[in-house]
Structures are given as structure tokens and as C-alpha cells.
Amino acid sequence: MSVAAHLRALAEGRRPADDGLLGACRLEWRGAEAYGEEAILELFRAAPFAPEGAKLVETACSAAWIGADAALVADVYDGRIGRLWRIGMGDAPEPEPAVSVAFDPDLRQQRGDVLLRAEDHPELARDQVERLIEAGRALTAAHDGPPLHRARAWAVRAFTAGDDTAALFAVHRLTGGPTRGGGFGYAAVLLGGPVIAEREPDRPWTPRL
């Protein structure tokens, strides 16, 4: 079966045929994670994935299913899904308790709002790199809430199939004010199409459990 068929089955909470979902797969969604086939299928059964007007962008190693209000991005191994990011609609599980750790994205002392190395994305068409950087810059500028002290976007996955280019960005924001808060959120981008961004989890600073 095709990766598209695997994703459609998964979206409905059905087990993809031919080991289309690898047993060691990990899914991330709005700060929560699910590990393994059974946990991921349970999540999709509880919260089916039905994006409006979705378009599939698929390469040998990656796939992105991006609609108007939700997206799935996958790492693909020999036509099977090995890792997933879900962005957008639905009630995500509660994140597991975690210890807050200080984080500085500029430790290498090279400032920049978007971090994308074309060499890290061999399936990305080189003439699309600047367009993706601009898309990442728009993500760091878009923000509701308190003023920002800092915002950075990393291209986690980026690839081109035919005339379509898709990317998964991790966006880190640090708020201003006397007590700062920060967190990561993911965004899926289809150049010339939808941009689906999740708000980073609003968690209090937790130095210990």
C-alpha cells in the first residue's frame, strides 16, 4: 500500500496494512507524545484526523498531509511511517510532567530568527530555500499575547515533490516582561498554500517535579 493509504487509515484510527505504521513510531502533538503502534492508534481513534481540503506532498523519505486546519508530517522508511508530527485540530492528550530547563538558542553567538541549512534537507529544491526562510520569518513574527523577547524558527523537515514544497518548523518563543515564559510549538508549511501552526504549550516554570 502507498504512504497516502497508510495515512488515511491512520487518520481514521485503523491499523495501516503491511506494517505501514512501524512499531517503534513516535508521535508528537501539542506538547504530548505517543510511542508505539497501539498508543498512536488509540490516539487517532479518540481524535480522528480529518483535515479540510488536504494535500499530500510525498518523497522517498518524507510526507506531509496539509489541510486548511490541520496537518500530519511523517518520516518515511521504505514506504512505512516511522515518526509523526500532528498539528492543529482535535483535543491533544495532556503532556507528561517535565522539568523546565534553561535554553538559549543563540549559544553559538550567531543571531538569526530562522535556522535552515539546505545541506540538512537533501530532498529540498535549492530554489525554494529562500522562500522557506521567509515563511519561517513570518512564523516568528506571528504572535498573540504578551510582547516577545525572542522568537526563533528551526526547519526540522523540508522537502520538495514536483511543484510542491512542504516544511515542518519548530518555533521557540520567549516572552518579555519581568517573569518570562517560553516554549516550543510546531508549524507545517505548504509554500503557496496553508500554514498550520500550533500555539506552544503554556506551562509554568517547573524546576522540579
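**Overall layout**

Tutor: Going along the sequence, the protein chain runs through the pattern α-β-β-α-β-β-β-β-β-α-β-β-β-β, where helices (H or I, at least four residues) and strands (E, at least two) are DSSP runs numbered from the N terminus. This is a predicted model, in which local features need pLDDT of at least 70 and side-chain atom pairs count only at pLDDT 80 or more, while totals for chains, interfaces and linings use all residues. Residues are numbered from 1 along each chain as its sequence is written, and side-chain values use heavy atoms, with hydrogens and water left out.

Student: How much of the chain is buried?

Tutor: Buried residues account for 47% of the 209 residues, with buried meaning under 20% relative accessible area, exposed over 50%, and partly exposed in between (1.4 Å probe, protein chains only).

Student: Let's look at α1, then: which of its residues are buried?

Tutor: They are Val 3, Ala 4, Ala 5, His 6, Leu 7, Ala 9, Leu 10 and Ala 11. Because 8 of the 9 residues of helix α1 (residues 3-11) are buried, the helix is largely enclosed by the rest of the structure.

Student: What covers the buried residues of α1?

Tutor: The cover includes α2 and β3, together with β1 (21-29), β4 (62-66), β5 (70-77) and β6 (80-88), where contact means heavy atoms within 4.5 Å. Just after α1, Gly 13 adopts a positive phi of about 80°.

Student: Switching topic, where is Pro 48, and what is it in contact with?

Tutor: Pro 48 lies in the loop between α2 and β3, and it is partly exposed, with a relative accessible area of 47%. Apart from neighbours within four places in sequence, Pro 48 is in contact with Ala 11, Arg 86 and Met 89. Pro 48 and Gly 90 are 42 residues apart in sequence, yet their C-alpha atoms are 7.7 Å apart in space.

Student: What about Glu 52, is that one buried or exposed?

Tutor: Glu 52 counts as exposed because its relative accessibility is 55%. Glu 52 is also in the loop between α2 (37-46) and β3 (55-58), and it touches Gly 67, Ala 68 and Asp 69, if residues up to four places away in sequence are not counted.

Student: Now the sheet: in what order do the 5 strands come?

Tutor: The order in this open sheet is β7-β8-β9-β10-β11, and the pairing is mixed; two strands pair if DSSP finds at least two bridges between them. The edge strands, β7 (114-115) and β11 (195-197), each pair on one side only.

Student: And how do β9 and β10 pair?

Tutor: Strand β9 (residues 164-175) pairs with strand β10 (residues 182-190) in the antiparallel sense, over 9 bridges. Within that region, Leu 174 stands opposite Gly 182 in β10.
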